[in-house]
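Here is my note on the model for you to read alongside the structure. Please keep the view open while you go through the numbered points.

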Amino acid sequence: MNFSDLNLSPTLLQAIDEQGYSSPSPIQEKAIPPVLAGKDVMAAAQTGTGKTAGFTLPILQNLSTGPRAKPNQARALIITPTRELAAQIGESVSTYGRHLPLRSTVVFGGVKINPQMMRLRKGVDILVATPGRLLDLHNQNAVHFDQLEVLVLDEADRMLDMGFIHDIRKILALLPKQRQNLMFSATFSDDIRKLARTIVHDPVEISVSPQNTTVETVKHWICPVDKKQKPALLCKLIKDNDWQQVLVFSRTKHGANRLTRQLEDRGIKAAAIHGNKSQAARTRALSNFKQGDLRVLVATDIAARGIDINQLPQVVNFDLPNVPEDYVHRIGRTGRAGKDGQAVSLVSADEIKQLTDIERLIKTVLERKVIGGFEPVHDLPASSGDFRSFKAKKPKKPNHHQAGEGRHGGNQPGKSANRHGQAKNGNSRRKKPGGGDNQSGNKSSPWAKASANRGSKAQG
Ligand code: AMP
């Protein structure tokens, strides 16, 4: 399929062409027609699938007709959980809409509110916002929604994970009832479906990703190593392989800071991004990394969500994530849009549980490469390679409030406390992953062709 088969206007086709995209990605093929037709859409897709263009292009087209935004009004509202993602969506809106006379702006917390209020004064056709700052701006009368035509809730699962549900409900209460609703989420858990029922009406449901498969263009393996040796091993890998742009994942903010210092001490330019850093520091680190001024960006999972860097060749898991689905998200940062990438995980003996969970989830035993001079003293146990019953075998984590360690004891199978504990787990945020990573469709997908043509890229 070509973009010209999707009924997009010549102006938008020109912008797409200038981006070097030769054909739509699967999510774009599926989402653009219903969004253009004004329908509600609920889509399982994550960052890296091209979903931003999937909703931005048809929204731009629909907004290019109709009355312009009045002062302090917004016609389309895109809500997204993180500042980085908001900034990136804002860039996409500007890029794809560069030949249209539409106004857009991005607002998020952590920076001064006044310039944002000024930009909203004339009214905007598209407003990209994080939830908290949007409410602040509304409370200060800087933005109203009487003219609102479209709502996009992006990364809905992450929005719930980050505790934005109350803000979302407050925002929904401010919007006109008559509007188009688009909801995107990497996973569709029960909680997300519950939220969706209050937002979308009779939606077109789209899913482009097989569950929890890893990106096929990414080569990934693990290096068994003792915990203490990880910083030194990382430096060796960076230097020996001459990696110039490495995104390193750390489980904790503290760990990210410490590792950044250790890398700097060894002469490798690095910076950390995580929730405790100011927005200015995060933006600076990301842009320095994108421009190649920083060799290593150390990020926590939440901060890294949505980072989109063209041709990011190398991802390192300095430690494995506790939630196995995050592994899929993390390595999805490389090998994007059909490009090749590699992801290596430094795994110490105490991480065998995380490793086993990941291998069960992706149904693959990860290749192990021990690096000379870093042979672990504490052996990483062998993988079982038995993936048959991932769900059934998953250990039941009793809820502390309910599952009686003492009161009901361990010897009373089937007692209610245990059942509650299980039910609670069943609702936990990652129990029903629905998204995985869509790029597994790469082999036959249009991405491969598109990437060959791609010269410059707006998102940098
Ligand atoms: P997203 O999932 O929206 O974050 O997009 C991921 C990346 O794919 C971005 O760098 C986009 O610029 C790029 N992209 C979006 N649509 C296409 C397409 N049809 N062909 C090639 N690259 C694309």
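1. Helix α14 (residues 324–331) has eight of its eight residues buried, so this helix is largely enclosed by the rest of the structure. A residue is called buried if 20 or more other C-beta atoms, placed from the backbone, lie within 10 Å of its own. The buried residues of α14 are P324, E325, D326, Y327, V328, H329, R330 and I331. Helices here are DSSP runs of H or I with at least four residues, strands are runs of E with at least two, and both are numbered from the N terminus.

2. This is a predicted model, in which local features need pLDDT of at least 70 and side-chain atom pairs count only at pLDDT 80 or more, while totals for chains, interfaces and linings use all residues. Residues are numbered from 1 along each chain as its sequence is written.

3. Strand β11 (residues 296–299) is covered on both faces, with V296 and V298 buried on one side and L297 and A299 buried on the other. In a regular strand the side chains alternate between the two faces of the sheet.

4. Strand β11 pairs in the parallel sense with β9 (residues 246–249) over four bridges, and L297 of β11 is the bridge partner of L247. Two strands count as paired if DSSP finds at least two bridges between them. Strand β10 (residues 270–273) also pairs with β11 in the parallel sense over four bridges, and here I273 has A299 of β11 as its bridge partner. From β10 the chain crosses through helix α12 (residues 279–291) to β11, and this β-α-β crossover is right-handed, meaning that, with the strands pointing away from the viewer, the path from the first strand over the helix to the second runs clockwise.

5. An open sheet of seven strands, with parallel pairing, has the order β3-β4-β2-β5-β6-β1-β7. Strands β3 (104–107) and β7 (204–207) stand at its edges, each with a single partner strand, so one side of each is left without a neighbour in the sheet.

6. Helix α2 (residues 26–36) and helix α3 (residues 51–63) pack at an angle of about 25 degrees, with their axes 8 Å apart. Axes are lines fitted to C-alpha atoms, for helices over the stretch in contact, and angles run from 0 to 180 degrees between N-to-C directions. The two helices α2 and α3 are therefore roughly parallel to each other, a term for angles under 35 degrees.

Definitions and conventions: A residue is buried if 20 or more other C-beta atoms lie within 10 Å of its own, exposed if 12 or fewer, and partly exposed in between; C-beta atoms are placed from the backbone. Angles under 35 degrees count as roughly parallel, over 145 as roughly antiparallel, 65 to 115 as roughly perpendicular and the rest as oblique.
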